[in-house]
Amino acid sequence: MHFDQAEKMAVVKAIAETIDLDGQYKVGELMYLDELMKTLDFDAQYMEKAKQLSSQKAVPALQGMTKEKKEALIMMIDEMSEADGVVHQKEKDFLVNLIGILS
């Protein structure tokens, strides 16, 4: 799936926030992150830049995406939440909030 630059930055921000929610970087998350980095074509430096993106800029970019892109993002966040084998309550809440934003 191809995301334009604003969408990609917002998507990577959402991915980074999902990883940070439980305060721990676990092997499964890092392995899935590596897969996403290759698929979406970004590196650690890009991810750090995405983390600095304000929600005020990220939310409109996410809301403006096509239905297919929104579904792909929800699947990525769901996979990331499950990647370490434990879905933390904060990750569940984030996913529910994200779905609400995208609706």
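Predicted model: local features only at pLDDT ≥ 70, side-chain atom pairs only at ≥ 80, totals over all residues.
A residue is called buried when its relative accessible area is under 20%, exposed when that area is over 50%, and partly exposed in between. By this criterion K51, with a relative accessible area of 27%, is partly exposed.

A search of the whole structure finds 6 salt bridges. One of them is formed between E7 and K69, whose closest N and O atoms are 2.7 Å apart. This pair links distant parts of the chain, since E7 belongs to helix α1 (residues 5-20) and K69 to helix α5 (residues 67-82), and the two residues are 62 residues apart. E7 has a relative accessibility of 7% and therefore counts as buried. K69 is likewise buried, because its relative accessible area is 15%.

A further salt bridge joins K51 and D20, with the closest N and O atoms 3.7 Å apart. This pair, too, links distant parts of the chain: K51 lies in helix α3 (residues 44-51), D20 lies in helix α1, and 31 residues separate them. The relative accessible area of D20 is 33%, so D20 is partly exposed.

Another salt bridge is found between K38 and D34, where the closest N and O atoms are 3.2 Å apart. Both residues lie in helix α2 (residues 27-40); because they are 4 residues apart, they are separated by about one helical turn. An α-helix has 3.6 residues a turn, so residues three or four places apart point the same way. K38 has a relative accessibility of 63% and therefore counts as exposed, whereas D34, with a relative accessible area of 38%, is partly exposed. Elsewhere, salt bridges with shared partners join D20, E48 and K51 into one network.

The packing of the helices was examined next. Two packed helices are described by the angle between their axes and the distance between the axes. For helix α4 (residues 55-63) and helix α6 (residues 89-102), the angle is about 65° and the axes are 9 Å apart. The residues that make this contact are V59, L62 and Q63 of α4, together with L98, I101 and L102 of α6.

Helix α6 itself has 14 residues, and the distance from its first C-alpha to its last is 20 Å, close to the 20 Å expected at 1.5 Å a residue. Its buried residues are E91, F94, L95, L98 and L102. These residues lie on the same side of α6, because they cover an arc of only 100° around the axis. The elements that cover the buried residues of α6 include α1, α2, α4 and α5.

When residues up to four places away in sequence are not counted, L98 touches L62, L73 and I77. L98 and A16 are 82 residues apart in sequence, and their C-alpha atoms are 14 Å apart in space.

Helix α5 has 16 residues, which should span 22 Å at 1.5 Å a residue; the end C-alpha atoms are 23 Å apart, so the two values agree. Buried in α5 are K69, K70, A72, L73, M76, I77, M80 and S81. These buried residues of α5 pack against α1, α2, α4 and α6. E68 also lies in helix α5, but its relative accessibility is 48%, and E68 therefore counts as partly exposed. Although E68 and M1 are 67 residues apart in sequence, the distance between their C-alpha atoms is 8.8 Å.

Finally, D41 was considered, a residue that lies in the loop between α2 and α3. D41 has a positive phi of about 60°, although it is not a glycine. With a relative accessibility of 59%, D41 exceeds the 50% limit and therefore counts as exposed.

Conventions. Residues numbered from 1 in each chain as written. Heavy atoms only, no water. Salt bridge = Lys/Arg side-chain N within 4 Å of Asp/Glu carboxyl O. Buried < 20%, exposed > 50% of the residue type's maximum accessible area, 1.4 Å probe, protein only. Axes fitted to C-alpha atoms, helices over the stretch in contact; angles between N-to-C directions. Contact = heavy atoms within 4.5 Å. Expected span 1.5 Å × (residues − 1). Arc of directions from axis to C-beta.
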